[in-house]
Amino acid sequence: MAITHWATTRTEEQLVSDAKKLFTATYDEEPTGVWAAPGRVNLIGDHVDYAEGICLPFALEQLTAVAASGRNDNLVNIVTIMPGQEEPRTLSISLDEVGKGNPATWAGYIVGVIWALNSANALVCKTGLDLAVVSDVPVGSGLSSSAALECSTALAAVEVKGASFKKMAMYPVMVEATMRAENDVVGASTGGLDQRTSFYGKPNQALEIDFLYDEFSFVPCNFDDHGLALLIADTNAPHRLIDGQYGSRRGLIDEVTAVLRKEDSTFRDYKVDQILEKLAKTPECSDHDLYRRRVGHIINETRRTQQAVTLLREGDFTKFGKLMTESHVSLRDDYEVVTPELDGAVNAALSAGALGARMTGGGFGGSIIALVKKEDLESTAAAIAEAAETRGFAEPTFLHAKPSEGARRLV
């Protein structure tokens, strides 16, 4: 059996210590505090957040921590140790230089948030920050390391620089700011699933997020109580959402959404053929089969997620697992975002006895999830690793995912 590699997760105390040490070594002073936000995993409902659909994610235990102190000028100084590297990486940028499309790099996830908060007049003091970043959220794995970075930065900025809004109003403002950083500054077209989960997550709870009504509710989600576990297998295949593939799919759905909005309707109001009939009268639908598959995923995935929420509340994990697998097939065949590595990992998990398995996140690389019996956690991971080795794929890394708390101040 292949050897399996499990990702390490530092305790909050270790993250605080590491973030403070990095901050002090770089800036020669203690930070004002340390804030953190988690990555997320989506149980079902991918690629429907930007189509006013329904998603069912939860926040992970793995955190990105930001140690921060305020500055009196417009500079934002960043120091971080990137995964797999030992030497710190530093960057300085003036807030005057930040705006749409700049910087379209990893730094944009940080300074873009501060820029967006300033644009919304959400901060009392609009000057810069000194920041040190450490993280246990796997990068490029479809587990939203970007949202963890954005949300921890937003919380740090709000508490260091002061909030212009009342406390209860700040979370929606921060969600909007983190989305603007990703969409406008970095140029990644995401729909807000990740940021909402990172801010609002709770232990043993998933979030049912309804993007049509811009509201969410908590759904009890404690697989341990039922002798089950959620396995994440990071395929370690390259994962990028800003290379045009994600945008091309969102662009098509945005076209259809615009047509439906002319009649004040949404995807939930129609069957696939009814929408195609409407598109036939417009120049948008140039490839009938392509639109059928893309629109079909949006409609069916939202319905699957509605059913999955009910099944999770009822504790019917057998049917819940089947919906997970149906979702994967739709993402593979209709939305075409599943790579051979992702599909191979799902097939290996199902062959090993998983109740259900699917890719999670945006696709084009990243991770899969598998709902398994707790006693089968190790053997399922081993089966996935062995299948990857047999096909010459990269060696997967594994996590045992548990619903956890959202963004917060650690010290």
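1. Burial. A residue is called buried when its relative accessible area is under 20%, exposed when it is over 50%, and partly exposed in between, using a 1.4 Å probe and protein chains only. By that criterion, 57% of the 411 residues of the protein chain count as buried.

2. Basis of the note. This is a predicted model, in which local features need pLDDT of at least 70 and side-chain atom pairs count only at pLDDT 80 or more, whereas totals for chains, interfaces and linings use all residues. Residues are numbered from 1 along each chain as its sequence is written, and side-chain values use heavy atoms, with hydrogens and water left out.

3. Overall fold. The protein chain has eleven helices and 14 strands, these being DSSP runs numbered from the N terminus (helices H or I of at least four residues, strands E of at least two). The radius of gyration of the protein chain is 21 Å, close to the 22 Å given by the globule rule for 411 residues, so the chain is as compact as a globular protein of that length; the radius is taken over C-alpha atoms, and the rule is 2.2 Å times the number of residues to the power 0.38. Taken along the principal axes, the C-alpha atoms fill a box of roughly 60 × 55 × 40 Å.

4. Contacts along the chain. With contact meaning heavy atoms within 4.5 Å, 74% of the contacts between residues at least 6 apart in sequence join residues at least 24 apart.

5. Thr64. This residue lies in strand 4 (residues 57-70) and, at 3% relative accessibility, counts as buried. The side chains of Thr64 and Ser135 are joined by a polar contact of 2.6 Å, the term meaning a pair of N or O atoms within 3.5 Å where, within protein, one must be able to donate a hydrogen and the other to accept it, and where residues adjacent in sequence count only if both atoms are side-chain atoms. Leaving aside neighbours within four places in sequence, Thr64 is in contact with residues including Trp35, Val133, Ser135 and Leu149.

6. Thr80. Located in strand 5 (residues 75-80), Thr80 counts as buried at 7% relative accessibility. A polar atom of the Thr80 side chain lies 2.9 Å from the backbone oxygen of Val133, and Val133 is one of the residues that Thr80 touches, along with Leu22, Pro88, Arg89 and Trp106, not counting residues up to four places away in sequence.

7. Backbone geometry to inspect. A cis peptide bond, with omega of about 0°, joins Asn102 and Pro103, and Pro103 lies in the loop between strand 6 (89-94) and helix 2 (108-119). Ser144, although not a glycine, has a positive phi of about 60°; Ser144 lies in the loop between strand 7 (129-135) and helix 3 (145-161) and counts as buried at 7% relative accessibility. Glu336, also not a glycine, has a positive phi near 55°; Glu336 lies in the loop between helix 9 (317-333) and helix 10 (340-351) and counts as partly exposed at 36% relative accessibility.
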